Amino acid sequence: MEIRLDGGNVSGAVRVGDTVRRAVGPWTPAVQALLAHLAGKDFAGSPQPLGVDEQGREVLTFLPGETVGSTRPWPGWVYAEDTLVQVARWLRGFHDAVADFVPPEGAVWRMGGQWAPGLIIGHNDAAPYNAVWRDGKLAGFFDWDMAGPVRAAWDVAFGAFSWVPLHASHVVAREGFTDFEGRPRRLQLFLAEYGWTGPTSAFLEIVAARIQAHVTGLRDLAAHDPVFARIVTQGGAAALEAALAELAHFT
Ligand SMILES: Nc1ncnc2c1ncn2[C@@H]1O[C@H](COP(=O)(O)OP(=O)(O)O)[C@@H](O)[C@H]1O
Ligand SMILES: [Mg+2]
């Protein structure tokens, strides 16, 4: 029996027993190689790759637990302080586990170009809508389609953007965030738990560059892909631009 899973607005997923089936793309073999590497490291915070099924869909282990799906506002755990700590530690653990991953020759990634030494394969979309929450703890992240070669800081930047959060006020308010005065302190906590050692100002510049690239990428994709065109029509790109304007005054 196939059960449609709630959430996701790019490809969607169905559950079959203890597995998840998702549409493949040119990037799927590279993503599966990455997930196999993480599984080989006993990294528990990502699904394990199980190949492709008879319908040509990618097969992954189902990560049991709660997901935010399409519920708004998001559940209380999303913006709890301890969650922020857990996400930062998850990123640290993931970046440690992926550090020695050398992608297969000719690997194709959906996001980013060719891997080179000094880059890691980041998750690139480790946001609440791709997280699993189990027994009061962050169990990991699914939806590795955006994984690709980046500097580790680029992945940390998107994590902070999503969880501190640093997205536009009107967006995060809609998702249930209220502690606006607490954001600078939450950012410091996140960076300390990850182990970021540079100045906060330099980090904020990386966040801005990351979000600018996100807007540009979204508008480019929207030009020829209806899924992304709908995200833009619904205000996705404009919201990111509002976030950039706010970030310029973040203290
Ligand atoms: N490995 C997994 N374990 C548990 N749930 C998953 C897994 N992969 C996807 N899901 C569920 O399916 C939904 C959509 O999947 P996702 O991979 O995020 O698709 P999209 O690319 O459309 O964002 C998620 O919101 C989540 O509830
Ligand atoms: Mg998703």
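At what angle do helix α2 and helix α5 pack, and how far apart are their axes?

Author: The model is a predicted one. Helix α2 covers residues 81–98 and helix α5 covers residues 183–194; they pack at an angle of about 35°, and their axes are 8 Å apart. The crossing in which α2 passes α5 is right-handed. On the α2 side, the residues that meet α5 are Leu84, Val85, Ala88, Arg89, Leu91 and Arg92. They face Arg186, Leu189, Phe190, Glu193 and Tyr194 of α5. By class, this contact has seven nonpolar and four charged residues, with no polar ones.

Helix α6 (residues 200–222) packs with helix α8 (residues 236–247) at an angle of about 160°, the axes being 10 Å apart. The two helices, α6 and α8, are therefore roughly antiparallel to each other. Here the crossing of α6 past α8 is left-handed. From α6, the contact draws on Leu204, Val207, Ala208, Ile211, Gln212, His214, Val215, Leu218 and Arg219. From α8, the contributing residues are Gly236, Ala237, Leu240, Glu241, Ala243, Leu244 and Leu247. Divided by class, the residues of the contact between α6 and α8 are eleven nonpolar, three polar and two charged.

Domain 1 gives 19 residues to the contact between them, and domain 2 gives 23 residues. The side of domain 1 that touches domain 2 has twelve nonpolar residues, six polar and one charged.

Ligand 1 lies between domain 1 and domain 2, because both domains give residues to the shell around it. There are 22 residues around ligand 1, and those that come nearest are Leu5, Gly7, Gly8, Phe142 and Asp143. In the shell around ligand 1, ten residues are nonpolar, eight are polar and four are charged.

To return to the part you asked about, the angle between α2 and α5 is about 35° and the distance between their axes is 8 Å, with a right-handed crossing and a contact that includes Leu84 and Arg92 of α2 and Phe190 and Glu193 of α5.

Methods. Residues numbered from 1 in each chain as written. Chains lettered and ligands numbered in written order. Predicted model: local features only at pLDDT ≥ 70, side-chain atom pairs only at ≥ 80, totals over all residues. Near = placed C-beta within 6 Å. Nonpolar A, V, L, I, M, F, W, Y, C, P; charged D, E, K, R; others polar. Domains from an automatic or database assignment. Axes fitted to C-alpha atoms, helices over the stretch in contact; angles between N-to-C directions. Helix = DSSP H or I, 4+ residues; strand = E, 2+ residues; numbered from the N terminus. Parallel < 35°, antiparallel > 145°, perpendicular 65-115°, else oblique. Left-handed = near helix turned anticlockwise from the far one by under 90°. Contact = placed C-beta atoms within 7 Å.
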